[in-house]
Amino acid sequence: MKSHTLLNTQIALGLAQVGIATKKVSLFHNNISETVYKIDTQQENLVLKIFSPSDYDTEQKEMLLLQRLSRYYHSVITPRHKSPIMIDKNPSYIYRYFQGKRFSEITIPDKYFTFGTIVAELDVALKKLYETSNEKQPKDPFWIPKRKYPNLRLTHLTSHAIDFFERKIRSTDFKKIRSQYIHKDLHFYNVIYNKSNRSHLIIDTSGISVQYLPREISVCVGNVLVDSSNRFSKKRVADIMRGYSTSIKLNEVEKKIIPLFIIQKKLGEIDYLYKQLKLRKENIKIIKKHIYLSQQVLRYTIDKYDNLVDFFSNIS
């Protein structure tokens, strides 16, 4: 969807259909799949997320899932309506505005430990949701992209990573690894944090699905695995893991599989960013920077795989 073609008057008209009178419409940010706006009304501030027309059924399912999740967990976006609001033929939903900054932008004591507790608290709630659901089997748990990236000189690395991942998957006993709903993309950029009252809101929830539990924690530890000099961030990773263990205790097999899920996540990131590189004309340097960072973590995880398995295994 070419989100910039939507006018504020179109948004105001669409919201008026559900009884929301807007004072001001402000664009938060753009990306390929959605547009996010801040909506000021006389009584309160809201956030509007707009999607492509083809996403209607997907967004309907997500809205219902989030409303069910809100029974067990209040720090996640909760749509105000049970069905998408139509904004000029585009499905959308609104939720409360939360005052704060992305977790990546804040400075607080025990930042990494705190984030581990946030991930664990959500997973505890998602487990309760899972127990009330008919969905019990992981959805495509071992999917990885198999695209070639000749112009980025990544094909050799990603091909090696794919072979490595598939070989390790075949030798892992997944009967000893728990399944449940997980966020699947819970990192610093997807959490808004308010320092004054130490509250937070989890956003960008479109990836929630039934997966293997350790895949959740692999996302945030993978994002801080190495520093800018490509050195292992031992303390940061350990702090996240210890924060997570305050509510969830992973068993030995679950801990050992974390590096493998980091490989899966980084392959997915590279593929997603590569698509953005082809679709966009702006922010090319930023996208390439993120590809480079994912590439560094992917290479490090493969090269130091056995060491990382031992490291995660020994975290109490």
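**Close-up views of a predicted model**

**View 1. Helix α4 crosses helix α8 in a left-handed sense.** A crossing is called left-handed if the near helix is turned anticlockwise from the far one by less than a right angle, and right-handed if it is turned clockwise. The structure shown is a predicted model, in which local features need pLDDT of at least 70 and side-chain atom pairs count only at pLDDT 80 or more, while totals for chains, interfaces and linings use all residues. Residues are numbered from 1 along each chain as its sequence is written, and side-chain values use heavy atoms, with hydrogens and water left out. Helices (H or I, at least four residues) and strands (E, at least two) are DSSP runs, numbered from the N terminus. The axes of α4 and α8 come within 10 Å and cross at roughly 145 degrees; such axes are lines fitted to C-alpha atoms, for helices over the stretch in contact, and the angles run from 0 to 180 degrees between N-to-C directions. On the α4 side the contact (heavy atoms within 4.5 Å) is made by T158, A161, I162, F164, F165, K168 and I169, and on the α8 side by L260, I263, Q264 and L267. Sorted by class, the residues of this contact are 8 nonpolar, 2 polar and 1 charged, where Ala, Val, Leu, Ile, Met, Phe, Trp, Tyr, Cys and Pro count as nonpolar, Asp, Glu, Lys and Arg as charged, and the others, Gly among them, as polar.

**View 2. Helices α3 and α6 meet in a right-handed crossing.** The axes of these two helices, α3 and α6, come within 6 Å and cross at roughly 35 degrees. From α3, the residues Y112, F113, G116, T117, V119, A120 and D123 take part in the contact, and from α6 the residues R236, D239, I240, R242, G243 and Y244. The classes represented in the contact of α3 with α6 are 6 nonpolar, 3 polar and 4 charged residues. Helix α3 has 21 residues and spans 31 Å from its first C-alpha to its last, close to the 30 Å expected at 1.5 Å a residue; the expected span is 1.5 Å times one less than the number of residues. Of the 21 residues of α3, 15 are buried, so this helix is largely enclosed by the rest of the structure; buried means under 20% relative accessible area, exposed over 50%, and partly exposed in between (1.4 Å probe, protein chains only). Helix α6, with 12 residues, reaches 16 Å from its first C-alpha to its last, close to the 16 Å expected. The buried residues of α6, among them V237, I240, M241 and Y244, pack against α3, α5, α8 and α10.

**View 3. V119 sits in helix α3, which runs over residues 111-131.** With a relative accessibility of 0%, V119 counts as buried. Leaving aside residues up to four places away in sequence, V119 touches L186, E216, I217, C220 and Y244.

**View 4. Two aromatic pairs are shown, F103 with F115 and F142 with F174.** A search of the whole structure finds 16 aromatic pairs; rings of Phe, Tyr and Trp (its six-membered ring) pair if their centres lie within 6.5 Å, and planes under 30 degrees apart count as stacked, over 60 as edge-to-face and the rest as tilted. The rings of F103 and F115 have centres 5.0 Å apart and planes at 55 degrees, so this pair is tilted. F103 lies in the loop between β6 and α3, while F115 belongs to helix α3, so the pair ties together parts that are 12 residues apart in sequence. F103 is buried at 0% relative accessibility, and F115 is buried with a relative accessible area of 0%. The rings of F142 and F174, with centres 4.7 Å apart and planes at 55 degrees, also form a tilted pair. This pair links distant parts of the chain, 32 residues apart, with F142 in the loop between α3 and α4 and F174 in the loop between α4 and β7. F142 counts as partly exposed at 30% relative accessibility, whereas F174 counts as buried at 12%. One aromatic cluster is formed by F103, Y112, F115, F188 and Y193.

View 5. Most residues other than glycine have a negative phi.
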